[in-house]
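Student: Hey, I've just opened this one and I'm new to it. Can you walk me through some of it?

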Amino acid sequence: MHTFDRPSDYLDAAREMADSGRPALARMLAEEAADRTPDPKEAARILAEFPGHSLRQES
């Protein structure tokens, strides 16, 4: 079972999803990691590692 306390937890899970052929889940987890990363440059680097469109629904 994963615990998600830090951006790196989300990033690790994103990599696992990418490795297992689940790119949409990988992107969603990467977006969460980026949101929780205080450094904008690091957040941009995370998103660049997982290219694709956001699947988030804006309300």
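Student: Let's start with A26: buried or exposed?

Tutor: A26 is buried, as its relative accessible area is 2%. Buried means under 20% relative accessible area, exposed means over 50%, and partly exposed is in between (1.4 Å probe, protein chains only). Keep in mind that this is a predicted model: local features need pLDDT of at least 70, side-chain atom pairs count only at pLDDT 80 or more, and totals for chains, interfaces and linings use all residues. Residues are numbered from 1 along each chain as its sequence is written, and side-chain values use heavy atoms, with hydrogens and water left out.

Student: Which helix is A26 in, and what does A26 touch?

Tutor: A26 sits in helix α2. Helices here are DSSP runs (H or I, at least four residues), numbered from the N terminus. Leaving out residues up to four places away in sequence, A26 touches A14, M17, A18 and F50. Contact means heavy atoms within 4.5 Å.

Student: What about α1, which of its residues are buried?

Tutor: Those are D9, Y10, L11, A13, A14 and M17. They pack against α2 and α3. Just after α1, G21 has a positive phi of about 80°.

Student: How do α2 and α3 run relative to each other?

Tutor: The axes of α2 (residues 23–35) and α3 (residues 40–49) come within 9 Å and cross at roughly 175°. The axes are lines fitted to C-alpha atoms over the stretch in contact, with angles from 0 to 180 degrees between N-to-C directions. That makes the two helices roughly antiparallel, a label for angles over 145 degrees.

Student: Which residues make that contact?

Tutor: From α2 there are R27, A30, E31, A33 and A34, and from α3 there are A43, I46 and L47.

Definitions and conventions
Angles under 35 degrees count as roughly parallel, over 145 as roughly antiparallel, 65 to 115 as roughly perpendicular and the rest as oblique.
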